Amino acid sequence: MLSFVVIIICLSHAILISGSPPIVLWHGMGDSCCNPLSLGTIIKLLKRQLPGPYILSLRIGSNIVEDTSNGFFMNVNHQIDYVCKLLNSDENLSQGYHAIGFSQGGQFLRAIAQRCPNPPMLNLISIGGQHQGVFGFPRCPGDNETICNYIRDLLRFGAYESFVQNHLVQAEYWHDPHKETTYRKASIFLADINQEQTFNEAYKTNLLKIRNLILVKFLRDTMVTPHESEHFGFYEENNTSKIIPLRESSLYLNDLLGLKIMDEQSRIKFLESDTDHLQFTDQWFIDNIIPYLQD
């Protein structure tokens, strides 16, 4: 009879059971690791559909309140360093793990793949991640309207001012197509991981180590502007009426991250949900995401 050990860690809602590969989750803006209505639901769904994976839902901070706040105000590079150390010290992940990022958690986990190749990431699943950034903040998630209004004021004040860049998460992936030169120079996170400043060979080498990059775009997204960023598309410079898709972008054509290689090897999966931001059904998740978590 197969024996197994179950370890429950309240800190991160992690479960260890011998079975399918471990899974690491990173929530989106305004959410937390352990919200029973969001990632809590995902964790239950994963446990129903898979044979006992170890699930680590990342908490950035010492409690849920800090975790939620840090999704707005903790320097993203500091968050990446924090998570790198957390993953590296977790023996349950030593043989590799699948990563699922929700909304901004998608680009954050991509940064993990590029900067922290150990333990090895297997598949990277980005559900609504904004990989070319955003140029708009149209809708506030959850009950965070006061915070969102403050963020809008800061972005209007100057998204590329050093104080704003260092203390406002959303400014760190704010991408103004009318200020491309300023963006490339001042962005302390997105421009770096997208190789728009100094080219970092390790970023390409490390991203190519993952098996597959699964990108989910929401066709009726009212939170991400432009929603094509979820598939690495973005506005043409100085023209918000035209989208440059991934395969026509300099990031792809110059293969700065290895995306062209991965695409030619059919290792990039472009998925869609005909819904608003993160509003997928359980069945959609079972049909489209679970297959990438099974081995």
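Modeller: A crossing of helices counts as right-handed if the near helix is turned clockwise from the far one by less than a right angle, and as left-handed if anticlockwise. The model here is predicted.

Biologist: In which hand does helix 3 pass helix 4?

Modeller: Helix 3 covers residues 76–88 and helix 4 covers residues 104–115. Their axes lie 10 Å apart. The crossing of helix 3 with helix 4 is right-handed.

Biologist: Is helix 3 parallel, perpendicular or oblique to helix 4?

Modeller: Helix 3 and helix 4 pack at an angle of about 60°. Roughly parallel needs an angle under 35 degrees, and roughly perpendicular needs 65 to 115. Therefore helix 3 is, relative to helix 4, oblique.

Biologist: How many residues of each class make the contact of helix 3 with helix 4?

Modeller: Helix 3 contributes V76, N77, Q79, I80, V83, C84 and L87. Helix 4 contributes F108, A111, I112 and R115. By class, the contact holds one charged, two polar and eight nonpolar residues.

Biologist: How many residues of strand 7 are buried?

Modeller: N212, I214, V216 and F218 point one way from the strand. L213, L215 and K217 point the other way, and they too are buried, as are the residues on the opposite side. Strand 7 is therefore largely enclosed by the rest of the structure, its buried count being seven of seven.

Biologist: Which residue is the bridge partner of L215 in strand 10?

Modeller: Strand 10, residues 268–273, runs parallel to strand 7. Six bridges join the two. The partner of L215 there is F270.

Biologist: What covers the buried residues of helix 1?

Modeller: Helix 1 runs over residues 39–49. Its buried residues are L39, G40, I42, I43, L45 and L46. Their cover includes strand 3, strand 4, strand 5 and helix 12.

Biologist: Which residues is Q49 in contact with, leaving aside its neighbours within four places in sequence?

Modeller: Q49 belongs to helix 1. Its relative accessibility is 33%, so Q49 counts as partly exposed. The C-alpha atoms of Q49 and P291 are 10.0 Å apart, although 242 residues separate the two in sequence. Beyond its sequence neighbours, Q49 touches I286 and I290.

Biologist: What is omega for the peptide bond that joins T225 and P226?

Modeller: P226 sits in the loop between strand 7 and strand 8. The bond from T225 to P226 is cis. Its omega is about -5°.

Biologist: Is the peptide bond from N118 to P119 cis or trans?

Modeller: P119 lies in the loop between helix 4 and strand 6. Omega for the bond from N118 is near 0°. The bond is cis.

Biologist: What is the phi of S266?

Modeller: S266 falls in the loop between helix 11 and strand 10. Its relative accessibility of 46% makes S266 partly exposed. S266 is not a glycine, yet its phi is positive, near 60°.

Biologist: Is L278 buried, partly exposed or exposed?

Modeller: L278 is in the loop between strand 10 and helix 12. L278 has a positive phi of about 60° and is not a glycine. Buried would require under 20% relative accessible area. L278 has 27%, so its class is partly exposed.

Definitions and conventions
Residues are numbered from 1 along each chain as its sequence is written. This is a predicted model: local features need pLDDT of at least 70, side-chain atom pairs count only at pLDDT 80 or more; totals for chains, interfaces and linings use all residues. Side-chain values use heavy atoms; hydrogens and water are left out. Axes are lines fitted to C-alpha atoms, for helices over the stretch in contact, and angles run from 0 to 180 degrees between N-to-C directions. Helices (H or I, at least four residues) and strands (E, at least two) are DSSP runs, numbered from the N terminus. Angles under 35 degrees count as roughly parallel, over 145 as roughly antiparallel, 65 to 115 as roughly perpendicular and the rest as oblique. Contact means heavy atoms within 4.5 Å. Ala, Val, Leu, Ile, Met, Phe, Trp, Tyr, Cys and Pro count as nonpolar, Asp, Glu, Lys and Arg as charged, and the others, Gly among them, as polar. Buried means under 20% relative accessible area, exposed over 50%, partly exposed in between (1.4 Å probe, protein chains only). Two strands pair if DSSP finds at least two bridges between them.
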